[in-house]
Amino acid sequence: MFSKRVRRILDPKSIRFRLTGLFILTLAVTLGLFSSILYQVFVNNQQRDFDTALYNYAVDVSGGITLGLFGRIEVDSDLSSSEGKIFPFSIGNALLQVRGVDGAVLARSRSLGNHVIPLSDNDRNEAMREGFVLGDVDGKQISKSPYLLSRYRTITASVHRPLGRDFLIQVAVSKVAMEK
């Protein structure tokens, strides 16, 4: 008696079996779509938060850059201590570069060494026009060193100072923490 009832329910020709299959298929498709949309929203929010933190760090750095007595660019050493600030990247591993408005490298951080963060003419022009531009750079574009082989998120921001001493600041931070 029990086996007859089970056979009747599991019979592929029965309406119960077909409705159950349709219900499972509808549920699976709905769950899959919802999960993929939720994942995309999460990734976009993470990227936006990371970019906002990078922009805030670039603003802090640009506020700490001064011209020395003989026109040398000096960076405030207190920038590495982010008093009470939480960033989604390691500040000690941030690469910093200062360029003139013509694109010539004026100064760079010790962690960057003799390497250069790439800057296209389009990015330079957009940074001068819009105030900043965000981008992604592969570590191989900066250096062949295994130390810089991860992917980097970069910001190029224009800094306007009195007496026409404008410059561009570039900050590159590893995306490893964001991608995990």
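Reader: Which residues does Thr-156 touch, not counting residues up to four places away in sequence?

Author: In this predicted model, Thr-156 touches Leu-119, Ala-127, Gly-131, Phe-132, Val-133, Leu-168, Ile-169 and Gln-170. Thr-156 itself is found in strand E6.

Reader: Why does Thr-156 count as buried?

Author: Its relative accessibility is 3%. The term buried applies under 20%, so Thr-156 at 3% counts as buried.

Reader: What makes the pair Thr-156 and Gln-170 a polar contact?

Author: The side chains of Thr-156 and Gln-170 are joined at 3.5 Å. The cut-off for a pair of N or O atoms is within 3.5 Å, and the pair is accordingly listed as a polar contact.

Reader: How do you know what span is expected of helix H2?

Author: The expected span is 1.5 Å times one less than the number of residues. H2 has 49 residues, for which 72 Å is expected, and the helix reaches 72 Å from its first C-alpha to its last.

Reader: Which residues of H2 are buried?

Author: In H2, the buried residues are Phe-50, Asp-51, Ala-53, Leu-54, Tyr-57, Ala-58, Val-61 and Ser-62.

Reader: What makes up the largest nonpolar core, and which residues have the most contacts inside it?

Author: That core has 16 residues, and Val-61, Ile-65, Ile-169, Val-171 and Val-173 have the most contacts inside it. At least two residues each are supplied by helix H2 (15–63) and strands E3 (95–100), E6 (151–159) and E7 (167–174). H2 gives the largest share, 5 residues. A second, separate core of 7 residues includes Leu-112, Ile-117, Val-137 and Ile-142.

Conventions. Residues numbered from 1 in each chain as written. Predicted model: local features only at pLDDT ≥ 70, side-chain atom pairs only at ≥ 80, totals over all residues. Heavy atoms only, no water. Core = buried A, V, L, I, M, F, W, Y, C linked by side-chain atoms within 4.5 Å. Buried < 20%, exposed > 50% of the residue type's maximum accessible area, 1.4 Å probe, protein only. Helix = DSSP H or I, 4+ residues; strand = E, 2+ residues; numbered from the N terminus. Polar contact = N/O pair within 3.5 Å; in protein donor to acceptor, adjacent residues only side chain to side chain. Contact = heavy atoms within 4.5 Å.
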